[in-house]
Each structure stands twice: as C-alpha cells, then as structure tokens.
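Here are a few notes for when you open this one up. Have a look first, then read along.

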Amino acid sequence: MINPQISVVIPAQDEEESLPELCQWISRVMETHGFSYEVIMIDDGSSDSTWQKIVELSASDSRFKGIRFNRNFGKSAALQTGFRATSGNVVITMDADLQDSPDEIPELYKMVAQQGYHLVSGWKKKRFDPLSKTIPSKFFNYITRKLSGIELHDFNCGLKAYHSIVVKNITVYGEMHRYIPLIAKWAGFTKITEKPVEHQERKYGRTKFGLERFINGFLDLLSITFVSRF
C-alpha cells in the first residue's frame, strides 16, 4: 500500500458541530489539488456526540479515521497518539474548531515536500481570540523565542506542517504541544520556519483555554529548556 501524501491530525474535544463541516472543507481542498490523504481525529474525552460524528464520518469515507480517549488527556496526548497513527509523508495538524483554514494545506505541504523544511508553523497575524487568550500567548511567544533561539511569532498555532520523520521521532506530553518547534530543534530537526495563515472566528462552542493551562504551559517551558540545555 502506498503511503498517502498527507496525514491530517485533528485533536477534538466537544466539537460535534464543527467536525463535519471541517471534514467537508478538508475533502474539498484535497480533491481540488489531487492529494492522496488520510484524516485522523482524536476524541479527547468529549462529553457530547463528537465520537458519534467521527464514527459517521469514518463510515462514509475510510480516509477519515478516529481514535477515542476514555477521558480528557489533553492536546499533547492527542497529538502524540495521532502522530503515531499517521502514515502520510507530510503531517498537517489543525484544531477542530474551524479557526484553522484547510485552504492553507497546499502551501504548507509544498513548503515541507518541495522546499525541504522539517516543520512549518502557522502564524496567525490577525487573531479572533479574546484578550484572555491573546495576551498570555504573546507573553509565551516572546519568552519562547528568547529561550529557544527560534524566531517564530506563534509557537502555539494549531496549524502546523511536519515532515513525517519529525513526528515519528519526537515525544509530546503535558502541555508541551505549545513548544513542539523547540522539541523538534532539540531532536535535531532545525529546518524550521513559519507561514502567515488565515485565522477564523470561532463558529461553534467555546474556547478550552484556561488559567491552569497557562501555568502548566509555563512550567513545561522551564522544564524542557532545562533538559535541552543540561
């Protein structure tokens, strides 16, 4: 069996309304550009009908696959599980809430497959998030740039593209999904860049961001910085 060109990994928690629309959008983009692909959705302990939606999507198209957690383990665990399940040559990650645009996929794929980047991180120049999320994000991005030496504006953007060799050789846990570019650099994957991407307003549901994740994320940054240096 030939590996697909692209694997899309989507962590999802309580996104029953957005997932079907997102998957239709991904399909349109893939078909328009003639990509072979798979979509791996990880239900991170949803309390709504997210899993049922994933089952229905998978039943209608075998390229759409699902993995279900019995409880909420967090975005890092979902990404790590999704990475292990991918078979595509280029791996694209995006959030399930429709704020990341699948229309970015072709250019992200090209930057990895043709231009040779190990990792391309999305940069949401214009954001539609509340101040309670954007202000901590700016702080984290500034501190992470200074500690890592990686000149990215938006480390935590959910929309990223990876060469498959990267996702098979890194480990993401805790709240460290915020610092995947740093983890990749530490693992020897230094061809890292960014691409300005379109950011959509949230259409359904509510943000999962909270103060606890802010604190845990900062502690994880200190931890990974210490380990990578010593």
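1. In this predicted model, the buried residues of H1 are covered by a set of elements that includes strand S1 (6–12), strand S2 (37–44), H2, S3 and helix H4 (105–113). The residues being covered are Ser-18, Leu-19, Leu-22, Cys-23, Trp-25, Ile-26, Ser-27, Val-29 and Met-30.

2. On the helix itself: H1 has 16 residues, which at 1.5 Å a residue should span 22 Å, and its end C-alpha atoms sit 23 Å apart, so the two agree.

3. How do H1 and H2 run relative to each other, roughly parallel or roughly antiparallel? The axes of H1 (residues 18–33) and H2 (residues 50–60) come within 9 Å and cross at roughly 30°. That is under 35 degrees, so the pair counts as roughly parallel. The crossing of H1 past H2 is right-handed.

4. As for who touches whom, H1 brings Leu-19, Pro-20 and Cys-23, while H2 brings Thr-50, Lys-53, Ile-54 and Leu-57. Sorted by class, this contact has 5 nonpolar residues, 1 polar and 1 charged.

5. Over in strand S3 (residues 64–69) you'll find Ile-67. Is Ile-67 buried or partly exposed? Its relative accessibility is 24%, so Ile-67 counts as partly exposed; the cut-off for buried is under 20%.

6. Ignoring neighbours within four places in sequence, Ile-67 is in contact with Ile-40, Met-41, Ile-42, Asp-43, Trp-51, Thr-81 and Ala-85. Take Trp-51: Ile-67 is 16 residues away along the chain, and their C-alpha atoms are separated by 8.7 Å.

Note on methods
Residues numbered from 1 in each chain as written. Predicted model: local features only at pLDDT ≥ 70, side-chain atom pairs only at ≥ 80, totals over all residues. Heavy atoms only, no water. Helix = DSSP H or I, 4+ residues; strand = E, 2+ residues; numbered from the N terminus. Buried < 20%, exposed > 50% of the residue type's maximum accessible area, 1.4 Å probe, protein only. Contact = heavy atoms within 4.5 Å. Axes fitted to C-alpha atoms, helices over the stretch in contact; angles between N-to-C directions. Parallel < 35°, antiparallel > 145°, perpendicular 65-115°, else oblique. Left-handed = near helix turned anticlockwise from the far one by under 90°. Nonpolar A, V, L, I, M, F, W, Y, C, P; charged D, E, K, R; others polar. Expected span 1.5 Å × (residues − 1).
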